[in-house]
Amino acid sequence: MSSNGVVFVTGGNRGIGLAIAQRFAQDGFKVAISYREQKPVEDFYMVKADVTDSKSIDAAIDEIEKNLGPLEVVVINAGTNKDALAMRLEDSDMEKIINTNLMGSIRVARRSVKSMIKNRKGRIIFIGSVVGMLGSPGQMVYASTKAGLIGAARSLAREVGSRGVTVNVVAPGYVDTDMTNDLDEARKDMITSSTPLGRTASASEIAGVVRFLASEDSSYITGAVIPVDGGLGMGH
Ligand code: NDP
C-alpha cells in the first residue's frame, strides 16, 4: 500500500490498537482511529464509533473517507472480554462479547471493502487471538469469537481477492494491556511458562506484524492466520 495511504484502526485509542496507530503514523500513513469515550493524547484523525452499532460504523467510515480519502488499510482491532467458566456464563456478557468481537468486526469489514473493491487495492487485518485455535478455560465465548474471525477473514479473502484486496488475521498471544490487567499472577505465570520465548509480547511487536501485512512485501499473503505468540500456539 502507498506509504501515505489512509489507515483506519478500530479501538486505536489505547492498548494494541494505539501501538498499531502509532506505528503507521511513524511510517507516514494518514491514520484514523475510533474511540468511544477516551481520546489518546496523540494527534490522529479521530472518529467516535461503537462497533456494536452499524450506523455508527458506517457514519465513521463515511467521515474518514470524506476527509482523508479512501481507506487502503483497515485494522479491525476493537474487542472486549470477560472471563467466566461455562456454567457461570451470563447471557448479557455472551451477547456483548459476540456483538463486539465477531459481529462488530464483520460490520467494519463489510463497510471497509466498498472503496477497496472500487479502487482495486486494500488490506483488511483482523486482530484474532491464539485462544481462537488453542481454546482457554474461562474463555469459551471470547475464543469462539476469535475462531469465528478466521472463517470471516477466509470467506472475505475469497470474495475480494480478484479485486486486489487481501484479508488476514494476526493472532497475538499474551500482551500486557488493560484487557489482561485483571488476570491473577498465577495465571500470568502459567501463560509465560508455557510460552517458549518465556515472556509476554509488547504491543509494538504486534504492530510490527500488522505493518508487514500492510506492506508490499506481503502482497501475496491472503486468508492467513499469522501467530505472534512467542510460540505459545506452535503454529496452531
Ligand atoms: P484493550 O482493552 O486495551 O482495548 C480494547 C479496545 O477495543 C479499546 O480501544 C476499546 O475502546 C475498543 N472497544 C471495545 N469495545 C468496543 C466497541 N463496542 N466499539 C468500539 N470500540 C470498542 O485491549 P487490547 O488492546 O489488549 O486488545 C485489542 C485487541 O487485541 C482485541 O481484539 C483483543 O481481543 C486482542 N487481543 C489482545 C490480547 C492481549 O493479551 N491483550 C491477546 C490477543 C488478542 P474504548 O477505549 O472505547 O473502550
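**A loop residue, the ligand and the strands**

A: Leu89 counts as partly exposed because its relative accessible area is 22%; the label covers values between buried (under 20%) and exposed (over 50%), with a 1.4 Å probe and protein chains only. Before going on, please note that this is a predicted model, in which local features need pLDDT of at least 70 and side-chain atom pairs count only at pLDDT 80 or more, while totals for chains, interfaces and linings use all residues. Residues are numbered from 1 along each chain as its sequence is written, and side-chain values use heavy atoms, leaving out hydrogens and water.

Leu89 sits in the loop between strand 4 (71–76) and helix 3 (91–119); helices (H or I, at least four residues) and strands (E, at least two) are DSSP runs, numbered from the N terminus. The C-alpha atoms of Leu89 and Gln139 are 9.9 Å apart, although 50 residues separate the two along the chain.

Now to the ligand. There are 27 residues around the ligand, each with a heavy atom within 4 Å of it. Asn13, Arg14, Arg36, Tyr142 and Thr177 come nearest. By type, the shell has 10 nonpolar, 12 polar and five charged residues; Ala, Val, Leu, Ile, Met, Phe, Trp, Tyr, Cys and Pro are nonpolar, Asp, Glu, Lys and Arg charged, and the others, Gly among them, polar.

Let's zoom in on individual side chains. Thr177 places a side-chain N or O atom 2.5 Å from an oxygen atom of the ligand. For Arg36, the distance from a side-chain N or O atom to a ligand oxygen atom is 2.7 Å. Asp50 has a polar side-chain atom 2.9 Å from a ligand nitrogen atom. Overall, the protein covers 94% of the 890 Å² of accessible area that the ligand has on its own, by the Shrake-Rupley method with a 1.4 Å probe. Helix 1 (15–26) and helix 5 (140–160) are the elements that give two or more residues to the shell.

Strand 1 (residues 6–9) pairs with strand 2 in the parallel sense over four bridges; pairing needs at least two DSSP bridges. Within that pair, Phe8 is opposite Ala32 of strand 2. From strand 1 the chain passes through helix 1 to strand 2, a right-handed β-α-β crossover: with the strands pointing away from the viewer, the path runs clockwise from the first strand over the helix to the second. Strand 2 also pairs in the parallel sense with strand 3 (residues 45–48), over four bridges, and Ser34 has Val47 of strand 3 as its bridge partner. Strand 2 (residues 30–35) is mostly covered, with five of its six residues buried.

Definitions and conventions
A polar contact is a pair of N or O atoms within 3.5 Å; within protein, one must be able to donate a hydrogen and the other to accept it, and residues adjacent in sequence count only if both atoms are side-chain atoms.
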